Structures are given as structure tokens and as C-alpha cells.
Amino acid sequence: MASAERRNHATLYLWLVLLLSLIVPRNTASAQAVNETDWTTLLRIRNDLKFTNPGRSPKANWKSLLRDVIPSHVWKTLLRIRNDLNFTNPGRSPKAYWKSGRNCEELFGVICDDLGYVVALTLYGVNGSLPNAIGELPSLAFLSAGNNVTSVPSTLSLLSATLTSLYLSNNQISGTFPRGITSLTALQQLNIAQNRLTGSIPVGISRLSCLTFLRMDGNRLEGPIPSQISTMAALSYLSLRNNQLSGSIPASISRVQALQLIDLRNNSLTGSIPSEIGSLSKLIWLYLSNNKVSGSLPSTMGKLTRLRYCFADSNSLTGSIPGAVSSLISLSYLSASGNQLSGSLPAGITALSKLGFLQLDHNALSGSLPEKMTSLNNMVYLDLSYNALSGTLPSFCSHAMGNLHTVDLSDNAFMGTLPAGLANCTTLISLDLSNNALSGRVDGSLTNLSSISSLNLSRNFFSGALPSLPSIDQIISLDLSHNYFYGPGHITDNQGRPLCQSAAQNLFLAGNCVVFNASFAPLCSSEVQRDSSGCKVFCSTNMSLSGQPRENAQCGGLGTCEAVVANAAPGGKLSGSSGSSSSSSSSSSKSSSKGGGNKSSSKGGKQSSSAAAAVDGGRVNFACNCMTDIAVPTANGMSCTLISKCC
């Protein structure tokens, strides 16, 4: 039986060799000499045959003869396309590349099938309209054109049976949605984002039932999202962001069970989030930010167990966060800031072990934080600012949360002291606890925060000496203003280096009870100049030591403690006119005229006496202080003692 089969194969192979000898001239290897009809016949023979040794079959041996030779009528169509196109860079256009002949491999941006028919066409740098002749490429399945295309020919509709991918993003296509596109019933991927389309989304787009990928973002489309979108059963990626769409989110969208991404950001959508959205079991990305969506978050969202990214910020959502959120076991990012959400943070949120980004600022949330909040070990970014949250702070980084880099709990009503676990947050880059009712001493709570660059503890009730910093190498912004810190104004890091050696651009110590002595300790050396270690005290672009404690009695009789340093240039010694306390106002006036110093300030409606000193190229104002015996070096080496009154 086996020998008979081998004889049949040998006989068939001899017939094929004979057929080739009749078609292909003996003295040439040029595939272009083969009649196009015979090429088609040979390919059909090749594709229908099976061989015991594929490596020696015509499927392997005929590739050099049958590959990428474009039929004459297709070549003529390509030439018409080439001649009708305009390019922003003619040297890199098909007019330059399509000169070598009819071999498809040598044509830039062109891919052919085995018969030489064009199946993919990529045209970059097109300037103007796409040629009508594109619709005459009968096998075209992929078309991409970019940069400055202004219109799409209606002849694209002729490709309804073949075109599966159409990429026209980042062009200048204007007017209403191109009508010919809605006839491309074989289309699977459509990207027409970042153009200038106007008008509404055509209902006819629902005819594209094979579509899996749809991007129409970055246009000027308006009106509602058509409910007929429900017929696009294969759609998995839908992006309509950055348009002017209005109306509500159609409940019928829930019938598109294949959806994995819905991006409706930056429109003018109204109404509520349809409860039916919970049936989209494959949904991973949901973006609803910057719309006018109202109502509450539907509890049915708890069914979206594959949801990883949920952004609903900057809307008009109300009500509480549903407890069903605990079922979102895949959730990594949750943002609903800038709404009107109320109630407490549900305890179930602590079950979201993958949650790394939680942004619920600018709402009306109240109550205390869940006890197990610190168990969220993947948490990186936490922003609950501008709410009405109360209670004590959770012990961050005590047992988990070791990856935190940003915490913002400002503008709430938290009380108590800084948690001891905070010292373990070695990855923390930004910490903002301002505008709360926190109290107690800071002391060593900050010294281990080796990555901190922005620290804001302002407008609380912290007391004690100014805290030591972990490292001045990272500090960019430090705000300890409007607390009850007292004692010498001297800030160093855990290596004893003064803050002036840092690259800090923002320093706020206003409204405390700190006494700044003759050495001007919180900033630099007694001469206040750039030293060998690169002291940058006067490089700070926003430095304020001014202000008044909310209760002067807390200063222990010191009264107002104010000093301002602003607009000062690097380097330079403190200098000023000599004089006594009785002439301090005139000293300030003279310094102002020479070095640009501030005029005497007014606090609480009262005119203050001042003791000002000019800095070479900048200003230093010690106005309205209770600082005594301040030795201010003068230009000639003399020093004068200025004693100013309290405001």
C-alpha cells in the first residue's frame, strides 16, 4: 500500500515538473515572464497539495518564483494612487519609493499576498485628500494614513468585504463622520482619533458589527452616544474621550459583553451611571472623569470583578461609596475626587489587596478611616484631602504600606499625634497633613523619611522645637508654618547639616514662636553667605518666616515672632545702616532705598516698627519681631544692635 502511494506521488510530481517546463522559460528565472492566469493556477496547485517532505515541495521551492509580483491592473491602480498623492516630505513619499518595479517587496509601505494583490497600504506624511483609487484595490485589508490627511474618499465603501483595519488618527479630517466608513461591514479596527470631526456619531456606525476596536477621541463630536451601539457585540475597546458629547450613558451599552475598555472622559455627559453596567463582566478600564454625571455609584459595580482602573473624578456624584466596592478584587486605581460623595469610607475597601492608587479628595466624606486601612500593602498614592474626615491618623507603614510615596490628608479634621509607624515610611516622597487639628511634638518622627522632598505640616497645633529632617539632599518644599514650634530657629538634618545647604525652593516657618538669633541659625552661618558646601539660603524662590501665632500666649510672652526673607540673591553678607532702636524706622527706609529692602510691615491693622537689613542683591526684613540683641554687620565691618518692638 505504501509503495503504491509513493508511485502516485512520483507520478504527480513528474506532471508538475512538465507543467513548469511548459510555463517557465528555460533561460530565465524572472517570475514576470509568467502569464498572470498561469500564476494563479500554479498557486492553487501549490496550496492544495500535501507532501511527505515539505522542505522539498513546491511550497518551498516556488517561493522565489511566485513571490510578490503585482498583477498589471493592480500596478496601474498603485501608480494612480502614487500620482494623486501629495506629501509633506516628497523625498520620503511613495513617489520616490515606488520606482523600482512591480516587485511588492521593493515598494515602501506596500504588502501583497501570494497572488501579488495589495493587502496592506501605509501612507505617512500625506498632505490633503486620500485618492479615490484606493477603493479599487480589491484585496486591501489594512489601510493607515497619517499626518495631514484632510478627507476620506467615499470609494472606501467599495472595500466593504475586505478592509478590516483602518487607521486615520492624528490628521486634519474635518466635517461630519465620513459616510463611506459606515459601509465597511468587515471592519474590525477603526482609529479616527485626533481629527476635527464635528456633528454627531452616526447611528450607521452600529452596522460595523465586526468591530472590536473603536477610537474616535480628540474630535469635536457632539450629541448623544447612540443606543444602537448595543449591536456591536464584538466591541472590546471604546474610546470617545475629549469630545463634546452630551446626554446620558446609554444603558444598552451593557449588552456589549465583550467590552474591556470604556473611555468617556472630558465630555459633557449627564445623567447617572446605568446600573446595568454591572453586567460587563470583562470590563477592565472605566474612565468617566470630567463630565456632569450625577447620582450615586451603583452597587452593581461590585460585579465588575476584573475592573482594574476606575476614574469618575470631576463629576457631580452624590451619596455614599457602596459597600459592594469590596468585591472589586482586581481594582488597582480608584479616583472619584471632585464630587459630592458623603458618608464614611466603607470598611470593605481594606479588602482590596491590589489597590495602589486611591484619590477621593474634594468630597464630603466624614467619619474616621477604617481600622485596617494600613493593611493595603500595595498602596502607593493616597489622597483624601478636602473632606470632613476625623479621628486619629492610621499607623502608616507599621506592618504594611511599605510602598507609599504620596500621602495627602490635608484639610480634614484629624486629631491626635503623628503615628509612630510614620517613621517607617522610607519610600515616602510627599506628605501633606496641613489644615487639621494634629498636635504634640514632631521630634524624631521625620528623621527616617529618607526620600521625602515635600513636607507640609502647616496649620496644626504641633509644638516643641523645630524638627530635624532626614536629609537635606531631598527637600524641595518645607512648610511648618502656623503651629506652635518654639525655641531657636535652627533646622538641620540627621547628619547635622543646616537646611541652607539644601536645594529647597520653598520654606515656610511663618506664625510660630521661633526666635531667630544673631547667627540667623535657621538659614546659614553668621555671615549668611555661600560657603564651600554650597549654601543656597538666598536661592530659595519662596521663603517666608513671617506671620503671627494664632494665640500669642502660646509664645510664652514672646508675642509676635516674625521675619521675612524674600527675593534674595545667592551669597552676600547681611548689611545695613547703623542706628539704635529709636532710629530703626529710618534705618529701614535707608536700607530699602539702597538694597531694595521691604518697608515696615503692618500686622493686625497696626503700623509696626521695624528693624530691616539689606542683603547684597536681595532683601531681608526682620520687621515686627520680638527679637532682641540682633547683631547686624554693616558694610564697614561695624555692627549695630537693633531692638524692635512687638506688634
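These legends describe close-up views of cysteines in a predicted model.

**View 1. The disulfides of the structure.** A disulfide is a covalent bond between the sulfur atoms of two cysteines. Searching the whole structure turns up two disulfides. One of them joins C104 to C112, and C397 is bonded to C425 in another.

**View 2. The disulfide of C104 and C112.** The sulfur atoms of C104 and C112 lie 2.0 Å apart. The torsion about their S-S bond is about 85°, so this disulfide is right-handed. C104 has a relative accessible area of 2% and is therefore buried. C112 also counts as buried, because its relative accessibility is 12%, and the cut-off for buried is under 20%.

**View 3. The disulfide of C397 and C425.** In this pair the sulfur atoms are 1.9 Å apart. With a torsion of about 105° about the S-S bond, the disulfide of C397 and C425 is right-handed. The bond links distant parts of the chain, as C397 and C425 are 28 residues apart. C397 sits in the loop between strand 22 (388-392) and strand 23 (406-408). C425 sits in the loop between strand 24 (413-416) and strand 25 (430-432). Both cysteines, C397 and C425, are buried.

View 4. Is C310 buried or exposed? C310 counts as buried, because its relative accessibility is 7%, and buried means under 20%. C210 has a relative accessible area of 35%. This value falls between the cut-offs of 20% and 50%, so C210 is partly exposed.

Technical notes
Residues are numbered from 1 along each chain as its sequence is written. This is a predicted model: local features need pLDDT of at least 70, side-chain atom pairs count only at pLDDT 80 or more; totals for chains, interfaces and linings use all residues. Side-chain values use heavy atoms; hydrogens and water are left out. A disulfide is a pair of cysteine sulfur atoms within 2.5 Å. Buried means under 20% relative accessible area, exposed over 50%, partly exposed in between (1.4 Å probe, protein chains only). Helices (H or I, at least four residues) and strands (E, at least two) are DSSP runs, numbered from the N terminus.
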